[in-house]
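User: I have a structure here that I have never looked at before. Can you walk me through it?

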Amino acid sequence: MLIQLAENVWKINEDSNCYIIKLNAKQENKIVIIDSCPRICRNKVEGQFKQIADVRDVKIVLFTHFHYDHIGNFDMFPNATFYASKDEIDFFKKDAFGAVLDKKIASDFTELLKENKLQPISKIKKFLADNSIVSFGAPGHTAGSTLFLYKKHKILFTGDTYFGDSYYGRTDLPSSLPGKMPQTLKMLKDIPHNILCGGHDYV
Ligand SMILES: [Zn+2]
């Protein structure tokens, strides 16, 4: 299902959520994607994505974390570089399956490292800041989970850290840091936002 959230911001909801932000409507190639839905939903996601933009124009894909149901369609974007927190990338290098929870997708995703297409968010922090996007480290659900705030519309993208209504992500997975979750949730609630966009529509 394709839903418009604000001017130039859309959500594709297919099991998990893929978010599309067109930073400048006049420049078609200035598009930022947050997460990419599970691979099993590929055809539906691709079909809906085409209504908004050309996958070849996407240069920047941000990941809240590396679970298979969020990175599954990374290979839909042939010209993109992919960004996640350094902690998420470091854990992936140590334990690809533990970071992704799917053998095939973990193995495909490893190719990005070899091609230098998987980079820490710090590499584009300035570009994001110039375009009204801020990232926050949010350890808990995974060690390197990240929240993204699109300040222009005060939209907070939370991945699996928080789904709203006191419903938060599991903290018993291989890279989870359950001890950090309370502090992360407190930080999240202190970030001023009008729209909360979770990784899944569980609420
Ligand atoms: Zn997850």
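User: Where does K11 lie?

Analyst: K11 lies in strand β2. Keep in mind that this is a predicted model.

User: Is K11 buried or exposed?

Analyst: K11 is buried, because its relative accessible area is 10%, and buried here means under 20%.

User: What is K11 in contact with, leaving aside neighbours within four places in sequence?

Analyst: With those neighbours set aside, K11 is in contact with M1, L2, I3, L5, N17, C18, Y19 and D201.

User: And how far is K11 from K44, C-alpha to C-alpha?

Analyst: Their C-alpha atoms are separated by 13 Å, and the two residues are 33 apart along the chain.

User: New topic. How many residues are in the largest nonpolar core, and which have the most contacts inside it?

Analyst: The largest nonpolar core has 34 residues. Those with the most contacts inside this core are I33, F49, F63, F66, F77, F82 and F109.

User: Which elements supply at least two residues of this core?

Analyst: There are strands and helices on that list: β2 (9-14), β3, β4 (31-34), α1 (42-50), β6 (81-84), α3 (86-94), α4 (96-100) and α5 (103-114). The largest share, four residues, comes from α5.

User: Which residues does F77 touch?

Analyst: Not counting residues up to four places away in sequence, F77 touches I33, S36, F49, V55, V58, V61 and F82.

User: On to α7. Which of its residues are buried?

Analyst: In helix α7, residues 181-190, the buried ones are M181, T184, L185 and L188. Seen down the axis of α7, these buried residues fall within an arc of 95 degrees, so they line one face of the helix.

User: What do the buried residues of α7 pack against?

Analyst: They pack against β9 (146-150), β10 and β11.

User: And which exposed residues does the face turned away carry?

Analyst: The face of α7 turned away from its buried side carries P182, Q183, K186 and D190, which are exposed.

User: Now cavities. How many of 30 Å³ or more does a search of the whole structure find?

Analyst: The search finds one, and the volume of the largest cavity is about 30 Å³.

User: Which residues line the largest cavity?

Analyst: Its lining is made of N17, Y19, I34, D35, T64, F157, T158, G159, C197, G198 and G199. By class, that lining has four nonpolar, six polar and one charged residues.

User: Which element gives the most to that lining?

Analyst: β10 gives the most, with three residues. At least two lining residues each come from β3 (16-22), β10 (155-159) and β11 (195-198).

User: What about pockets? What volume has the largest pocket?

Analyst: The largest pocket has a volume of about 220 Å³. It is lined by 14 residues, and the closest to its centre are H141, D160, R170, L173 and Y202. The classes in that lining are seven nonpolar, four polar and three charged.

User: And the second largest pocket, what volume has it?

Analyst: About 170 Å³. Of the 16 residues lining the second largest pocket, S85, K86, I121, G137 and T146 are the closest to its centre. This lining has six nonpolar, seven polar and three charged residues.

User: Where does the largest share of that lining come from?

Analyst: From β8, which gives three residues. Helix α3 and β8 (133-137) each supply at least two residues of the lining of the second largest pocket.

Notes:
Residues numbered from 1 in each chain as written. Predicted model: local features only at pLDDT ≥ 70, side-chain atom pairs only at ≥ 80, totals over all residues. Heavy atoms only, no water. 1 Å grid on protein atoms, 1.4 Å probe; cavity = no way out; pocket = protein on both sides within 12 Å on 5 of 7 lines; lining within 4 Å. Points joined across faces, edges and corners; volume = space filled by probe spheres on them. Nonpolar A, V, L, I, M, F, W, Y, C, P; charged D, E, K, R; others polar. Core = buried A, V, L, I, M, F, W, Y, C linked by side-chain atoms within 4.5 Å. Buried < 20%, exposed > 50% of the residue type's maximum accessible area, 1.4 Å probe, protein only. Contact = heavy atoms within 4.5 Å. Arc of directions from axis to C-beta.
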